[in-house]
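Dear colleague,

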Amino acid sequence: MTIDELQDEVIAEFSDFTDWMDKYQLLIDLGNELEPLDEKYKNESNLINGCQSRVWIQADYHDGLVYFTAESDALIVKGLIALLLRVLSGHTPQEILDADLYFIEQIGLKDHLSPTRSNGLLAMVKQIRVYALAFKTQEDA
């Protein structure tokens, strides 16, 4: 599936709920389904700066595609990570760099996250793009 198709899937999933408490519960459920991050990746180099809670993102590059694993110590943030990984993991560096992450606004996250969580979400997206750029640079070298 393309990044846009995955985003549309997320939008459809969230559109089933009108109450934001239900949407938060869906985020928490998605976070709980996230595979635990191997302890060896919970290090300073994978820790995201700009997040109030602790968030680690590990990126691996296989056969031209970037795969992400991640974890957080906060339930809602873990759900946000699960959404980002669902949409962006398993794509080429260029696809990740070119992605317009419209699902964030369309499911209402922009309006319903606290400023600190919004900043953390932006920091996670930025770090994912930094990883993609690093892998793209390796490809081009």
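What follows is a description of the strands, the helix contact, the core and a few loop residues.

The model is a predicted one, in which local features need pLDDT of at least 70 and side-chain atom pairs count only at pLDDT 80 or more, while totals for chains, interfaces and linings use all residues. Residues are numbered from 1 along each chain as its sequence is written, and side-chain values use heavy atoms, with hydrogens and water left out.

Helices (H or I, at least four residues) and strands (E, at least two) are DSSP runs numbered from the N terminus, and two strands are taken as paired if DSSP finds at least two bridges between them. Strand β1 (residues 55–62) and strand β2 (residues 65–72) run antiparallel and are joined by eight bridges. D63 counts as exposed because its relative accessibility is 81%, where buried means under 20% relative accessible area, exposed over 50% and partly exposed in between (1.4 Å probe, protein chains only).

Turning to the helices, the axes of α2 (residues 20–33) and α3 (residues 75–88) come within 7 Å and cross at roughly 70 degrees, which means that α2 is roughly perpendicular to α3. Here the axes are lines fitted to C-alpha atoms, for helices over the stretch in contact, and angles run from 0 to 180 degrees between N-to-C directions; angles under 35 degrees count as roughly parallel, over 145 as roughly antiparallel, 65 to 115 as roughly perpendicular and the rest as oblique. With contact meaning heavy atoms within 4.5 Å, Y24, L27, I28, L30, G31 and N32 in α2 meet L75, I76, K78, G79, L80, A82, L83 and R86 in α3. By class, this contact of α2 with α3 has nine nonpolar, three polar and two charged residues, where Ala, Val, Leu, Ile, Met, Phe, Trp, Tyr, Cys and Pro count as nonpolar, Asp, Glu, Lys and Arg as charged, and the others, Gly among them, as polar.

A nonpolar core is a set of buried Ala, Val, Leu, Ile, Met, Phe, Trp, Tyr and Cys residues joined through side-chain atoms within 4.5 Å. In the largest such core, which has 48 residues, I57, F68, L83, L101, F103, L109 and M124 touch the most other members. The elements giving two or more residues to this core are α1 (3–15), α2, β1, β2, α3, α5 (103–106) and α7 (115–140), and α3 gives the most, with 10 residues. Not counting residues up to four places away in sequence, L101 touches Q7, L84, V87, L88, V125 and R129.

Finally, some loop residues. Y102 lies in the loop between α4 (93–98) and α5 and, leaving aside neighbours within four places in sequence, is in contact with D4, Q7, D8 and I11. In the loop between α2 and β1 lies S45, which counts as exposed because its relative accessibility is 59%. D38 is also found in the loop between α2 and β1, but D38 counts as partly exposed, at 41% relative accessibility.

With best regards
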